[in-house]
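This briefing goes through the structure shown below by topic, beginning with the interface between its chains. Please keep the structure open while reading the points that follow.

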Amino acid sequence: MIALVDCNNFYVSCERVFNPRLEGLPVGVLSNNDGCVVARSNELKALGVKMGEAMHLLPPTIRRQAVLLSSNYALYGDMSQRVTRTLAEFSPHVEVYSIDESFVGFQGFDPATLEARGQRLRQTVQQWTGIPVSVGFAPTRVLAKVANHAAKKISVYEGVCRLDAEGPATRALLRQLPVTELWGVARRTGERLALIGIDTAWQLREADPKRMRRAFSVVLERIIWELRGRPAIELDDMTAAKQQIMVSRSFGRLTSDPAELREAIRQHVARAGEKLRRQGSMTSAVMVFVRTNPFQLDQPQYRKSVVVPLARPSDDTRDLAHAANRGLEAIFLKGYRYQKVGVMLLDLTADTHRQLSLDDTLQSEADRQRSQRLMATVDKLNRELGRDAVRLGLPRKNNAWALRCERRTPRYTTRWEELLRIKL
Amino acid sequence: MSWISGTTADVVGHAASTAGGVTQPLLGSGVRAGFPSPADDHLDRDIDLHAHVVKRPASTFFVRAEGDSMHEDGIHHGDLMVVDRSLEPLPGRVIVIAVDGDLTVKRLERVGQRTYLNARSPAFQPIPLDGRETQVWGVVTHVVRTLPGGQS
């Protein structure tokens, strides 16, 4: 069995840990430069505020009621790490899947004990870090996603849901789940599936895998196997949720060489940038993570991640590479043998939301157009001549690093001068 | 300073040890299997104050004290407090607690069936917890105060 552990309204929950007064209030977190809403408390969702909604378009009544905060990526990155470390107490198989989600392997545990374990995990993460999480157990990743969703939305599960490959709960959930809600099924694929009468996850599960592979893709075939309870998907083949892009890979052999890590990061950023532009998105922040092999217990263990916010949302690989390099520099430690590095692009927004900020000049607009043309050319060449036909060298120095973040809370966990102050 | 006995929370599930702090490789943290080597006694390492004070990095936070109500417990205005959220709020411990939404630091005390937050200062009355909305945030385990000359 594998568990998907997902932090509930993660950014908002992080803010609430350090400011309990936010409990029960509609709270939203804004993307960099306070552009769009990228995280919402349940109360804000109830007011009808949508993910990605532009802040200046929110009705005044909502702006008055809600607490809207600038994103505090230093804090979220640190809290994310604390959650991951806590999860590692429960299993050595912890794979970070996004800033607020991890897959945790529970192979070999008695299935009958899993729900109790899940409750203890939830309670421990809540106590140690203050972050509420939901836990979905299932034999495969795709089903674990479904289980997690149920754990979060259906109150009788109390935050922990276990789905077996067969069983009335699995059947009932899949029957009412639109196929487009499934992990890995894109909206366009969903539209094509609807044409052949497949609307729900259950209908997809019952479809012929081989035929679906021919008609659609090998990924869709794998999703069908996963829905039937047979693991077929590796984390690294999966395109992440629409809100983020992750590219990571394990090294063929462990390495301590910073040059190898930098090169791996460069490649990951290049791929992530392509994906980003292909889906027409921009990213607000880049998360970089490294880890050693958690199964080599005789080796020193290290696992670290950091989030580097961008000055403004971007889809330029050079911006991403610059941020990722800075991130890697900040977390790389000598003396460890690294097994895996990865990059994650967070809080994607549609590039139609491309914002001009007040300090933008005609010059920067011209820069941006040049950057768009350059990236489009690079992507085209790489498509036609093969991956890495054109590589980007050292990223340019970016001086415009000042973020607009008037409503940002203190970086409580990463700056001495911004520690939480408590009245005695 | 560390008058609190270092009790730890319940061991949870199947645990693999993960790295302590950034500066502390596992090798040096005393995980041993089999017989201790006699050479161990002569193998001195740097004394790592961070590792001594931060037993559980995932659950340990540094916060700053404001105000003087905890004088008698040796906490002064401006002190750095080390707070471990994984510890249980047992009577006698100094805890960080949200009372009606505001975080404060007090010693937890139990008299008969009732629990109080005690300020340990004659100027402050004990606060009974009954009927208030409270949420324990963590247990203060250490205090670091900078004395004259100590500023960097």
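A polar contact is a pair of N or O atoms within 3.5 Å; within protein, one of the two must be able to donate a hydrogen and the other to accept it, and residues adjacent in sequence count only if both atoms are side-chain atoms. By that rule, 17 residue pairs are in polar contact across the interface of chain B and chain A, with both residues of each pair at pLDDT 80 or more. The model is a predicted one, and it scores ipTM 0.76 and pTM 0.77.

**Interface of chain B and chain A**

- On the side of chain B that touches chain A, the elements that give two or more residues are β1 (60-66), β2 (80-84), β3 (94-99) and β4 (102-111) of chain B, and the largest share, seven residues, comes from β1(B).
- The contact involves 44 residues of chain B and 38 residues of chain A.
- The area buried between chain B and chain A is about 3,700 Å², and carbon and sulfur atoms give 59% of that area.
- Three salt bridges are counted between chain B and chain A; Glu66(B) and Lys423(A) meet through their side chains in a salt bridge, at 4.0 Å from N to O.

**Confidence in the two chains**

- Chain A has a mean pLDDT of 87, with 90% of its residues at 70 or more, although over residues 394-403 of chain A the pLDDT is below 50, and this stretch has 24 contacts in the model beyond near neighbours in sequence.
- Chain B averages a pLDDT of 76, and 70% of its residues score at least 70; over residues 1-32 of chain B the pLDDT is below 50, while this stretch has 63 contacts in the model beyond near neighbours in sequence.
- Where pLDDT is low, the predicted coordinates should not be read in detail.

**Make-up of chain B**

- Chain B contains one helix and seven strands, which follow the pattern α-β-β-β-β-β-β-β when read along the sequence.
- Of the 152 residues in chain B, 40% are buried.
- Among contacts in chain B between residues at least 6 apart in sequence, 55% join residues at least 24 apart.

**Helix α12 of chain A**

- The N-terminal end of α12(A) is capped by Asp257(A), which has a side-chain oxygen 2.9 Å from the backbone nitrogen of Ala259(A).
- Just after α12(A), Gly280(A) takes a positive phi of about 70 degrees.

**Two loop residues of chain A**

- Ser41(A) sits in the loop between β3 (37-40) and α2 (42-46) of chain A, and it counts as buried because its relative accessible area is 0%, where the cut-off for buried is under 20%.
- A polar atom of the side chain of Ser41(A) lies 3.3 Å from the backbone oxygen of Leu25(A); leaving out residues up to four places away in sequence, Ser41(A) touches Asn9(A), Val12(A), Arg16(A), Leu25(A), Pro26(A) and Val27(A).
- Glu158(A) is in the loop between α6 (141-153) and β8 (160-162) of chain A, and it counts as exposed because its relative accessibility is 53%, where the cut-off for exposed is over 50%.
- Leaving out residues up to four places away in sequence, Glu158(A) touches Gln119(A) and Arg122(A).
- Glu158(A) and Val135(A) are 23 residues apart in sequence, and their C-alpha atoms are 9.5 Å apart in space.

Notes:
Residues numbered from 1 in each chain as written. Chains lettered and ligands numbered in written order. Heavy atoms only, no water. pLDDT = per-residue confidence, 0-100. Contact = heavy atoms within 4.5 Å. Helix = DSSP H or I, 4+ residues; strand = E, 2+ residues; numbered from the N terminus. Buried < 20%, exposed > 50% of the residue type's maximum accessible area, 1.4 Å probe, protein only. Buried area = accessible area lost by both parts, 1.4 Å probe.
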